[in-house]
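Student: I should like to go through this structure term by term. Please set each value against its definition before drawing a conclusion.

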Amino acid sequence: MRLELSDGDPATSPADLVCIGACDGEELPAWLAGAPGAADARTGFKELAMLRPGVPARVLVVGLGRRGDLDPERARVAAALAAREAGRVGAASIAWAVPDHERQASIGAALTTGTILAGYRFDRFKRDDEDGPEARVGALTLLGAVDPEGRAETARVAAEAANRARDLQNLPANVADPAYLAARAGEIAEHGAVELEVLGPPELEREGMGGLLAVGAGSAKDPALIVLRYRGGGASRLGFVGKAVTFDTGGISLKPPASMPEMKMDMSGGAAVLEATAAVAELGLAVDLVSVLPTVENMPDGAAIRPGDVITQLNGLTVEVNNTDAEGRLILADALTWTARQGAERIVDVATLTGAVVVALGSTYAGLVANDDGWAGEVAAAGEAVGELAWRLPLHREYTEMTKGKIADLANAGSKRKAGPLFAAAFLEQFTEGVTWAHLDIAGTAWDVGREYVGKGASGFGTRLLVELARRHAARPAGRA
Ligand code: BES
Ligand code: MN
Ligand code: ZN
């Protein structure tokens, strides 16, 4: 979507739809007061009224509630509702009069985000509808935005990246397989500051990535470790790691049929990492980044790992694979060790890791586990700023104790269903080589969030959080990382 910042007057905007926020106890601007429809304007949050002043042709008054309650989240919601109205009336361009606010740049960025995310559709496998596809909003103008740091442009790039991540999530597993993700990484590496490395089976053998190889053994498709290195020349060396299981049948510990079709989205963490990396490069942020996707298909066949098999991970720890459906931690374990050894100073992994986190936190918060309070706080704060929420859950010696194996160092799953997300996190922590690390379990937030600006289906969760995290690190003066 095209984004423009302008100091123009809403009353003379040429946009197909002009959007104006209305707060409790405040009057409509004088030029709108007598317009047809003005009597219907309401200020309650999320109330909408379409006015037809003639010039501009259409003005949407969007209720924002109390001015003191206005924040970026409300702006994202308001923008999403406006974008939906724009689609309904066939408007191809929107202009938003950015409401006055002490953090006006954040509000402008949030309006941009809400507009772009709400306009997302995945219809590439559908024949055109009889009534034709709904009009798409192709241009957004922010009127009266004060934005010295270019926050709206950052939001635009990040939201477009999130929509590309949603495409990857939505693509079925017969299309988006490990080779497809590697090809997408290759496109991202066409950017001059990004370099691609793909480790296939021979390299994985040579390195000793027993987890990734074991999970991949049952599939006709080769597993891979996809690596993108971005050099933005900043003070921070970040590592992003994304679980990219392109389909999770559970393997020999086969999932029940009802819960299987959705498992094409078990690469959501990888999708977020890939597209966030593309966005960071597009924005030219001053950070160094290594982005790593262990990618694999978890299938049952004659070569698949069996429950009870013992494997050796990259760091030398042996693992009893008691449940082949707990595959994410096996591939992430190798990827985390590898990323730490690449010199990343702060690592975040993003993974659709456990069904239990969906039970605990639903689709509102991702589970966040970290070995460092400062880093946990930074990850949560970046997410809060962009509307991708994460709630911290604990590491504890007793969870680590639960991961001990009977005949090997570790087991990948417990016999009881205790503390599923924390068993998994305590397992992962043992592969981080002591590097500052945070883990986001996005099994609940990757799909069916159902918020106004993300709706049902793929959410792209994590993409915008990661871009915001990189932006905040890039904003730091060198030496203060
Ligand atoms: N990919 C699943 C987790 C998942 C569940 C993602 C629901 C999205 C929605 C993961 O690989 C898995 O199967 N986890 C198991 C672990 C268990 C066997 C210890 C689970 O959560 O049931
Ligand atoms: Mn699984
Ligand atoms: Zn999985």
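Student: In which helix is the place of Ser 106?

Tutor: Ser 106 has its place in helix α2 (residues 104-118). A helix here is a DSSP run of H or I with at least four residues, a strand is a run of E with at least two, and both are numbered from the N terminus. Before we continue, note that this is a predicted model, in which local features need pLDDT of at least 70, side-chain atom pairs count only at pLDDT 80 or more, and totals for chains, interfaces and linings use all residues. Residues are numbered from 1 along each chain as its sequence is written, chains are lettered from A and ligands numbered from 1 in the order in which they are written, and side-chain values use heavy atoms, with hydrogens and water left out.

Student: Why does Ser 106 count as buried?

Tutor: Buried means under 20% relative accessible area, exposed means over 50%, and partly exposed lies in between, with a 1.4 Å probe and protein chains only. Ser 106 has 11% relative accessibility, and therefore counts as buried. Leaving aside neighbours within four places in sequence, Ser 106 is in contact (heavy atoms within 4.5 Å) with Pro 72 and Arg 151.

Student: What makes Leu 64 buried?

Tutor: Its relative accessible area is 2%, so Leu 64 is buried. Leu 64 is found in strand β4 (residues 59-65). Not counting residues up to four places away in sequence, Leu 64 touches residues including Gly 21, Cys 23, Phe 45, Leu 70 and Pro 99.

Student: Why is Thr 445 called buried, whereas Asp 448 counts as partly exposed?

Tutor: Thr 445 is buried because its relative accessible area is 0%. Asp 448 has 32% relative accessibility and therefore counts as partly exposed. The place of Thr 445 is in the loop between β18 (436-441) and α13, and Asp 448 also has its place in the loop between β18 and α13. Asp 448 has a positive phi of about 55 degrees although it is not a glycine.

Student: What is the phi of Lys 46, and why is this residue called partly exposed?

Tutor: Lys 46 has a positive phi of about 80 degrees, although it is not a glycine. Its relative accessible area is 37%, so Lys 46 is partly exposed. Lys 46 lies in the loop between β2 (17-23) and β3.

Student: How do you know that the span of helix α8 agrees with expectation?

Tutor: The expected span is 1.5 Å times one less than the number of residues in the helix. Helix α8 (residues 328-341) has 14 residues and should span 20 Å; its end C-alpha atoms are 20 Å apart, so the two agree. Because 13 of its 14 residues are buried, α8 is largely enclosed by the rest of the structure. Gly 343 follows α8 and has a positive phi near 100 degrees.

Student: How do you know that α1 is largely enclosed, and what is its span?

Tutor: In α1, 13 of the 17 residues are buried, so the helix is largely enclosed by the rest of the structure. For α1 (residues 72-88) the span should be 24 Å, and the end C-alpha atoms are 24 Å apart, which agrees. Just after α1, Gly 90 takes a positive phi of about 75 degrees.

Student: At what angle do α3 and α13 pack, and which classes make up their contact?

Tutor: Helices α3 and α13 (residues 463-474) pack at about 145 degrees, with their axes 8 Å apart. Axes are lines fitted to C-alpha atoms, for helices over the stretch in contact, and angles run from 0 to 180 degrees between N-to-C directions. Residues of the contact include Ala 158, Ala 162 and Ala 165 of α3 and Val 467 of α13. By class, the contact of α3 with α13 has six nonpolar, two polar and three charged residues. Here Ala, Val, Leu, Ile, Met, Phe, Trp, Tyr, Cys and Pro count as nonpolar, Asp, Glu, Lys and Arg as charged, and the others, Gly among them, as polar.

Student: What makes a set of residues a nonpolar core, and how many residues has the largest one?

Tutor: A nonpolar core is a set of buried Ala, Val, Leu, Ile, Met, Phe, Trp, Tyr and Cys residues joined through side-chain atoms within 4.5 Å. The largest has 56 residues, and Val 379 and Leu 440 are among those with the most contacts inside it. Helix α7 (residues 268-283) gives the largest share of this core, eight residues.
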